[in-house]
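Hi everyone, thanks for making time. Let me put the structure up on the screen, and then we'll walk through it together.

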Amino acid sequence: MSTLRTSLTSLLGIRTPIVLAPMAGASGGALAGEVSLAGGFGFLAPVYRGLENFKNEFDIARSTLNRPSGPLPLGAGFLGWKLEEAQSPHVALLELALENGVQAVWFSFGEDLGRWIELVRSHDEKHGKTRKTLVFVQVNSVDEALHAAQTWKVDVLVAQGIESGGHGSASSPPVLNLVPQIVSALPPSGAPPVLAAGGLSDGAHLAAFLTLGAAGAVVGTRFLFAQESLYSDVQKRAIIAARSGSAVRSYVFDRLRDTTGWPAGTDGRALAMPAVAAVENGADITAIKEEVAEGAERGDPSSVIAWAGTGVGQPNRLQPAKDIVRELHEDAVARLKASFALIGDE
Ligand SMILES: Cc1cc2nc3c(=O)[nH]c(=O)nc-3n(C[C@H](O)[C@H](O)[C@H](O)COP(=O)(O)O)c2cc1C
């Protein structure tokens with residue numbers, strides 16, 4: 001197997017620069033563990049059903065990785081605004097991840113992410129960790145990237161474009177623009193690796209972003225098609241049936257399920273739903289919410305929110321996560337080799 005070596009693979013000691021996004025409701029211990037086992041790097045997301053549930057996901061990750069104790073070669077992702085709520089139970093989830101010896105933590109969508117980065121660094125110091133916990137921060141603009149690199153000295157920047165599934169900044173540029181803008185704004189040496197996130201669903205995308213200066217790809221939606229993803233059966237059926245172009249951005253998804261505490265300007269991309277279109281066209285949300293709740297109860301796919309990025313439409317079946325990593329890697333290698341073949345010397 002050919003290797004793909006980047007600053008990210010050296011930093012994490014992994015074989016391929018493919019990172020599973022910490023997707024709430026999808027990235028559990030089995031999925032994160034399989035991605036890391038396959039040579040990439042998996043992030044768990046807390047499922048927000050409490051500490052016991054998160055502990056259970058760590059147990060699953062440990063058994064998947066056959067690491068009953070000691071540090072774990074995967075990470076855990078946290079939403080800043082959830083940590084920042086008064087007496088937030090999420091702080092205990094972050095501490096649990098650190099106690100489990102995760103190799104990296106990921107922060108996004110908060111007003112005060114520096115506070116949580118500080119907590120991670122104090123934890124490392126208090127426990128005399130020789131290998132520090134790496135900090136990933138997801139950003140949506142050059143200014144955010146520079147702040148994260150210069151003020152917080154993060155280890156990895158994730159450049160999240162408008163194509164991304166799940167939540168993101170409504171004003172984020174396309175990832176094709178954002179990645180090179182961030183790479184060229186950072187100093188040529190000593191800067192953190194920049195990863196591309198948003199709509200990346202095959203090896204050609206990974207190859208393209210490596211040539212644009214990214215050190216790797218963060219992949220979310222494509223891993224929703226993994227057998228190990230925690231998406232429900234009805235969500236999996238919906239994304240398999242989805243056509244290209246059917247994942248849309250809206251603030252209404254959160255209004256329908258009463259999860260509206262996100263930082264200003266954060267909307268989300270999910271499969272289009274008749275209910276979302278109706279509310280956007282002025283229908284009364286209270287009545288629509290009831291209809292959606294009833295539909296979801298019946299397992300009606302058009303009433304279930306399936307967060308997904310612009311990469312839907314191409315994959316049309318579930319696969320083991322390790323096969324997805326292998327396919328992305330091998331396809332990227334083949335594309336890069338084919339590109340080099342274009343170059344000739346006079
Ligand atoms: C179902 C789903 C849940 C997500 N949950 C989170 C989350 O909890 N925290 C976060 O930082 N990003 C989350 N994201 C966004 C990802 O971090 C990443 O930016 C995105 O998946 C990349 O785009 P893609 O889905 O097109 O690959 C989520 C994305 C999806 C699809």
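I'll talk about the ligand and its surroundings, and then about a pair of helices.

One thing before we start: this is a predicted model.

Okay, the ligand. How many residues surround the ligand? There are 22 of them, and the closest are Ser108, Gln138, Gly199, Gly220 and Thr221. If you sort that shell by residue type, you get ten nonpolar, eleven polar and one charged.

Now look at the oxygen atoms of the ligand. Trp106 has a polar side-chain atom 2.9 Å from a ligand oxygen.

Right, let's move to the helices. Find helix 5, residues 90-99, and helix 6, residues 113-126. They pack at an angle of about 35°, and their axes are 11 Å apart. The crossing of helix 5 past helix 6 is right-handed.

Which residues meet there? From helix 5 you have Val91, Leu94, Leu98 and Glu99, and from helix 6 Trp116, Leu119, Val120 and His123. By type, that contact has six nonpolar residues, one polar and one charged.

Key: Residues are numbered from 1 along each chain as its sequence is written. This is a predicted model: local features need pLDDT of at least 70, side-chain atom pairs count only at pLDDT 80 or more; totals for chains, interfaces and linings use all residues. Side-chain values use heavy atoms; hydrogens and water are left out. Axes are lines fitted to C-alpha atoms, for helices over the stretch in contact, and angles run from 0 to 180 degrees between N-to-C directions. Helices (H or I, at least four residues) and strands (E, at least two) are DSSP runs, numbered from the N terminus. A crossing is left-handed if the near helix is turned anticlockwise from the far one by less than a right angle, and right-handed if clockwise. Contact means heavy atoms within 4.5 Å. Ala, Val, Leu, Ile, Met, Phe, Trp, Tyr, Cys and Pro count as nonpolar, Asp, Glu, Lys and Arg as charged, and the others, Gly among them, as polar. A residue is near a molecule or strand if one of its heavy atoms lies within 4 Å of it. A polar contact is a pair of N or O atoms within 3.5 Å; within protein, one must be able to donate a hydrogen and the other to accept it, and residues adjacent in sequence count only if both atoms are side-chain atoms.
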